[in-house]
Amino acid sequence: MSVYSYLMDKLEKEGAIHFTLIDPDPEKSDPKSAAEMASMAEECGTSAIMVGGSMGVNENYLDETIKVIKSKVSIPVILFPGNISGISRYADAIWFMSLLNSTNTYYLIEAQALGALIVRRYSLEAIPLGYLVIEPGEAAGYVGHARPIPISHPELAIAYGLAAQYLGMRFLYLERGSGAQAPIPPRFISKVTSVVELPVIVGGGIKDAEAAKAIIEAGASAIVTGTIVEEESDKLKEIVKGVKEVGLKRRGKRNWASEMR
Ligand code: 1GP
């Protein structure tokens, strides 16, 4: 089964899913502790491990980190590249993403063109994703030369989200930035999910189950947490439980599988 089909099946059965983001940064964790975090996240019920970061990703270290993670978990490992150095042959799939509100063509299409040959060489499954940075955007926004969408203007996110949908992308990721003080407000998310017909992933600044639940209640299909896994692993269990609780209530309301496949 492809990773894409696995995700769509999960969405259909569970209504909403959780991703755990691991930054393969030697300053933050070595491959062994990254794998321990991934394994703990799998036990908590996360649906997939995403591996990537905005800065300092080195291919050898990334390869090593993914190999060790893969030896410890059975859920898919999906690359979340900030640049072409974020591609590894050992992952199960790659978010093939374009930073939609970047002002720099490198992050819109050039990095993707350079990376495409590597993705093909490694026979990686590419999952098309529109990546949209919402203010403040933190390091991802800065590094990606984004013009972050203001929180007071969800209609701009709707416009970009529809563009992603019409361009054939399969997911829309609303990114507040790793380590953001607060997540994207639910009212902003519900405006987007009421119009855009793509599964919406939300990340950045989600620190507890209440925030995670409110985001899923606002119509998001998935949340991503990174920092909380590095800092307070016990909170992860509650967050994943919250996502599942709310997701199960609205299971079956959207038949993504038949809409998208
Ligand atoms: C970053 O959205 C993710 O791309 C995760 O953010 O580290 O704040 O959980 P946090």
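How far is a polar backbone atom of Gly 205 from an oxygen atom of the ligand? The gap is 2.8 Å, and here are some notes to go with it.

1. Before you start: this is a predicted model, where local features need pLDDT of at least 70, side-chain atom pairs count only at pLDDT 80 or more, and totals for chains, interfaces and linings use all residues. Residues are numbered from 1 along each chain as its sequence is written, and side-chain values use heavy atoms, with hydrogens and water left out.

2. Back to the ligand's oxygens. A polar backbone atom of Gly 204 is 2.9 Å from a ligand oxygen, and a backbone N or O of Gly 179 lies 2.8 Å from one. (A polar contact with the ligand is a pair of N or O atoms within 3.5 Å.) The protein covers 97% of the 310 Å² of accessible area that the ligand has on its own (Shrake-Rupley method, 1.4 Å probe).

3. Now look at who surrounds the ligand.

4. Phe 80 is in the loop between strands S3 and S4 while Tyr 131 is in strand S5, so the pair ties together parts 51 residues apart in sequence (strands are DSSP E runs of at least two residues, helices H or I runs of at least four).

5. Glu 135 and Pro 136 are joined by a cis peptide bond, with omega about 5 degrees, and Pro 136 lies in the loop between S5 and helix H5. Ser 123, in the loop between helix H4 and S5, has a positive phi of about 50 degrees although it isn't a glycine.

How values were computed. A polar contact is a pair of N or O atoms within 3.5 Å; within protein, one must be able to donate a hydrogen and the other to accept it, and residues adjacent in sequence count only if both atoms are side-chain atoms.
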